[in-house]
Amino acid sequence: MDGWGEFEFGDQKVAPGTRLETHLSIGNDPMGQSADIPIQILHGVKSGPTVAIIAALHGDELNGTGIIHHLVYGDDHIPGTSDDHISPEQLSGTLILVPVVNVEGMMMGTRTAPDGRDINRLFPGQKEGSQSSRLAYSLFKNVIKRADYLIDLHTAPASRMNVPQIRADFDKSSCKKIARAFGTNVIMNSKGPKGSIRREATEAGTPAILMESGTSHRFESEALECGVKGILNVLSYLEMIERQVIKPNWRILVRKFRWVRAPVGGILHTLVLGGALVSEGETIAYVTDPFGARVDDVKSPVNGYIVGLATTPLVRSGDPIANIVFVRKKKIQEILSIESATNNSIQNDNDSVAEEEIEDDDGSTLDETETTA
Ligand SMILES: [Zn+2]
């Protein structure tokens, strides 16, 4: 042993190589019951960093909760079986897992907390503040400040889907490194809005990344799988577990993107999927009147990659339809040939990730427009 001792959480102690299921108390609910956030701590046998992984800060964004469940207990959800991805007996460092931050929001099926506030605008929170601000304060003080890194798991709102992607502040090398290690094809540059946990955590000395994947109110296997792989990649990169980091075959680092909006209101028919590579001028969707007759087309303004897409067919003029990242035509050809050569975008154990940092002067940045992270 290397002097690696117990991990203290409140008045509880976690011995090396063990796990603790506990909670963070944040006051009382209307019935006078204790309002608690579930916390699982895996304290490794050897020294290493502390990583916090949190989900459902927005109560309706469930994929992150599923990702944490699969991460610790595997596909069978039975503790201690061979498909568990992580065990404290084979871990260096400490994991603090928060499968549901916004417990009441989850039960109500809402993004916000019962007081109507978006908790992810209130960090680092206030001890004597509103109900949501107290939750933010307690989580920040007891979990985030204890961690060396933070992974925050999100999804798109119900009307849209997001292709698995990492959002991170490219100007902070520690954020960019773990963002790359996670291994998604797309990484978006973004500090996050003021008061968001990833921005405030990073500023307070806990480099944070955010994963966006899929849509709200459901578990989606692609999102769950990508989240589990990504987290395992980060933990391997930090040498907390013994496993090879699985790199993507191509990667784009994005500073700007375009929102394509509905030209008219009506019924939307999309012609592409999230993750599609599209050409400038290509029709990606069309809008019909209530009788089904086509009234207008939605075209891509750029050559690019679709990172987010509308999933509900009812649109009003100006509603977002697709979030498209500009990609040069030559790069699109390169990505297509890599994809067809491997027929699998994430099995590559050499160092040659075809990576490109994309500057698109005319696009918007996430921090200018972000309202949903
Ligand atoms: Zn969210």
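These legends accompany several close-up views of a predicted model.

**View 1. The whole chain, before we zoom in.**
Let's start with the overall layout of this predicted model. The chain holds eight helices and 20 strands, and its C-alpha trace spans about 65 × 55 × 40 Å along the principal axes. For 373 residues, a compact globule would have a radius of gyration near 21 Å, and the chain agrees, with 21 Å. Buried residues account for 45% of the 373 residues. If you count contacts between residues at least 6 apart in sequence, 67% of them join residues at least 24 apart.

Helix 1 covers residues 63–73, and it is largely enclosed by the rest of the structure because nine of its eleven residues are buried. Which residues of helix 1 are buried? They are Asn63, Gly64, Thr65, Gly66, Ile67, Ile68, His70, Leu71 and Val72.

**View 2. Helix 1 against helix 6.**
Here we follow one of those partners. The axes of helix 1 and helix 6 come within 9 Å and cross at roughly 55°, so the two helices are oblique to each other. The crossing of helix 1 past helix 6 is right-handed. On the helix 1 side, the residues to look for are Asn63, Gly64, Gly66, Ile67, His70 and Leu71; they meet Ala223, Leu224, Gly227, Val228 and Ile231 of helix 6.

**View 3. Helix 4 against helix 6.**
Helix 6 (residues 221–237) also pairs with helix 4 (residues 173–182): their axes come within 7 Å and cross at roughly 125°. Helix 4 and helix 6 are therefore oblique to each other, and helix 4 passes helix 6 in a right-handed crossing. Ile178, Ala181 and Phe182 of helix 4 make the contact with Gly230, Asn233, Val234 and Tyr237 of helix 6.

Although Ala56 is not a glycine, it has a positive phi of about 55°. Ala56 sits in the loop between strand 5 and helix 1. Is Ala56 buried or exposed? Ala56 counts as buried because it has 27 C-beta neighbours inside 10 Å, and the cut-off for that label is 20 or more. His77 is another residue other than glycine with a positive phi, this time near 60°, and its place is in the loop between helix 1 and strand 6. With 12 other C-beta atoms within 10 Å, His77 is exposed, as that label applies at 12 or fewer.

**View 4. A cis peptide bond at Pro124.**
This view shows the link from Phe123 to Pro124, a cis peptide bond with omega near 5°. Where is Pro124 placed? Pro124 lies in the loop between helix 2 (103–108) and helix 3 (131–142).

**View 5. Helix 7 and its cover.**
Helix 7 runs over residues 329–342, which gives it 14 residues. From first C-alpha to last, helix 7 reaches 20 Å, close to the 20 Å expected at 1.5 Å a residue. How many of the 14 residues of helix 7 are buried? The count is one, and helix 7 is hardly covered.

Definitions and conventions: Residues are numbered from 1 along each chain as its sequence is written. This is a predicted model: local features need pLDDT of at least 70, side-chain atom pairs count only at pLDDT 80 or more; totals for chains, interfaces and linings use all residues. Helices (H or I, at least four residues) and strands (E, at least two) are DSSP runs, numbered from the N terminus. The radius of gyration is taken over C-alpha atoms; the globule rule is 2.2 Å times the number of residues to the power 0.38. Two residues are in contact if their C-beta atoms, placed from the backbone, lie within 7 Å. The expected span of a helix is 1.5 Å times one less than its number of residues. Axes are lines fitted to C-alpha atoms, for helices over the stretch in contact, and angles run from 0 to 180 degrees between N-to-C directions. Angles under 35 degrees count as roughly parallel, over 145 as roughly antiparallel, 65 to 115 as roughly perpendicular and the rest as oblique. A crossing is left-handed if the near helix is turned anticlockwise from the far one by less than a right angle, and right-handed if clockwise.
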